[in-house]
Structure formats: structure tokens, C-alpha cells
Amino acid sequence: MAAIVMLACAWARCSPQAESGSAPKLAPNQPNGSSPLASNMVAMDGQLQATLEAVMADPEHSWEGRSLMSHELLGLEPTDASMVNAHFEEHAPLYSLAIKQFNSSPSAQTYNAVVQACTDCHLGTCPGPLERIAKRRSDAH
Ligand code: HEC
């Protein structure tokens, strides 16, 4: 199962090579633009980075009053259909739940739970961005 996922991701935009910026030599059906799902992921990553930067810039490192948008994950076209597997469908609601919990009680702990939800889904869909996601943890700074 893991081998199949790795194989599927090896030629997808979420492969580790894509992370380093080197042009991956991939299957001919690799689209040039970002898929709707990948675009949402970039926005999700951006809001974590922005939130963390705002907290770090605050002299008190306060989480009070911060909130995160809940981006839609289901029903968006992925780069490749194999990315939206059973693992993905199982983890999408857990991610939404983590966002809800952060919004109702923003803290480093609930923020890191969101980062963990990103990580948990990626482990079983596309491991490429895992390293980048790890940098979003509030204790990674
Ligand atoms: C439910 C599963 C799931 C969750 C939750 C999830 N991801 Fe993703 N992520 C994916 C899949 C699948 C892709 C590949 C999308 C594609 O290429 O169409 C992806 C792609 C990405 C990419 C690469 C985008 C690109 O330019 O190709 C980044 C970065 C990323 N995710 C970061 C995050 C971050 C940060 C979070 C949490 C805020 C997160 N992901 C939550 C499944 C998930």
C-alpha cells in the first residue's frame, strides 16, 4: 500500500523533488498549472506561515483572537485522481475539526494540532511537502 502511494506521488507535483525547486522529470501528463486542490494547499500553508509569523512578531507571542480559515478539501480536483484516496477522505474532516478547535481556543497547542492534521494526511497521500509542513510547527522556531 505504501509502495503504491509512493509510486503515485513519485510522478506528481507533491513529490520531494518538487520541493527543492528542481524541475522533476515526470510523466507527460503533468499539468503546467496548479490543480484546484494544490492551490488550496498553497493557501493553507500560507495562512499557517502568516499566523506563526504574526505570533512571533508579537512581543507577547499571544495567540489570543487569532483564527484560521477552513479551506474546502473535498470535491476539489487534484493533480492526479490517486491523491484523493481513502486516507485523504478520512483525514479531511479531522483537519476541519482541528481548525474548528483552534478557532474556538487559539493556542500554540491547538495550532500545532492543525499542523499535525496536515502531517497526518500527507503521510498517506503525498509525503513530498512533509518537511515544509514540519517548519510550520510553532516549536520549530
Ligand atoms: C486531507 C488530506 C490533506 C490535508 C489535511 C492537507 N493536505 Fe496538503 N496536500 C494533500 C494532497 C493530496 C496534495 C496534492 C494536491 C495536488 O497536487 O493536487 C497536497 C499538496 C500540498 C502542498 C503542495 C502544493 C503544490 O504546490 O503542489 C503543500 C505545500 C501542502 N499540501 C501543505 C499542506 C498544509 C500546510 C496543510 C495543513 C494546513 C495540508 N497540506 C493539509 C493532502 C492534504
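Biologist: Is His61 buried or exposed, and how many other C-beta atoms lie within 10 Å?

Modeller: The classes rest on a count: a residue is buried if 20 or more other C-beta atoms lie within 10 Å of its own, exposed if 12 or fewer, and partly exposed in between, with C-beta atoms placed from the backbone. His61 has 12 such atoms within 10 Å, and is therefore exposed. Please note that this is a predicted model, in which local features need pLDDT of at least 70 and side-chain atom pairs count only at pLDDT 80 or more, while totals for chains, interfaces and linings use all residues. Residues are numbered from 1 along each chain as its sequence is written.

Biologist: Where is the place of His61, and what is its phi?

Modeller: Most residues other than glycine have a negative phi. His61 has a phi near 50°, a positive value in a residue other than glycine, and it is placed in the loop between α3 and α4.

Biologist: How many helices and strands does the protein have?

Modeller: Helices (H or I, at least four residues) and strands (E, at least two) are DSSP runs, numbered from the N terminus. The protein has six helices and zero strands, so that its pattern along the sequence reads α-α-α-α-α-α. Of its 141 residues, 23% count as buried.

Biologist: How do α4 and α5 pack?

Modeller: Two packed helices are described by the angle between their axes and the distance between the axes. Axes are lines fitted to C-alpha atoms, for helices over the stretch in contact, and angles run from 0 to 180 degrees between N-to-C directions. For α4 and α5 the angle is about 175° and the axes are 9 Å apart. That makes α4 roughly antiparallel to α5 (angles under 35 degrees count as roughly parallel, over 145 as roughly antiparallel, 65 to 115 as roughly perpendicular and the rest as oblique). Among the residues making the contact are His91, Tyr95 and Ala98 of α4 and Ala113, Cys118 and Cys121 of α5. The contact residues divide into twelve nonpolar, five polar and one charged; Ala, Val, Leu, Ile, Met, Phe, Trp, Tyr, Cys and Pro count as nonpolar, Asp, Glu, Lys and Arg as charged, and the others, Gly among them, as polar.

Biologist: Which residues of α4 are buried?

Modeller: They are His91, Tyr95, Ala98, Ile99 and Phe102, and what covers them includes α5.

Biologist: With which residues is Ala113 in contact, leaving aside its neighbours within four places in sequence?

Modeller: Two residues are in contact if their C-beta atoms, placed from the backbone, lie within 7 Å. On that basis Ala113, found in helix α5, is in contact with Ala98 and Gln101. The C-alpha atoms of Ala113 and Ala98 are separated by 6.2 Å. Ala113 is partly exposed, because 17 other C-beta atoms lie within 10 Å.

Biologist: Which residues come nearest to the ligand?

Modeller: A residue is near a molecule or strand if its C-beta atom, placed from the backbone, lies within 6 Å of it. Of the 30 residues around the ligand, Met41, Thr79, Tyr95, Cys118 and Cys121 come nearest. The shell has 20 nonpolar, six polar and four charged residues. Helices α3, α4, α5 and α6 each supply at least two residues, and α3 gives the most, with seven.
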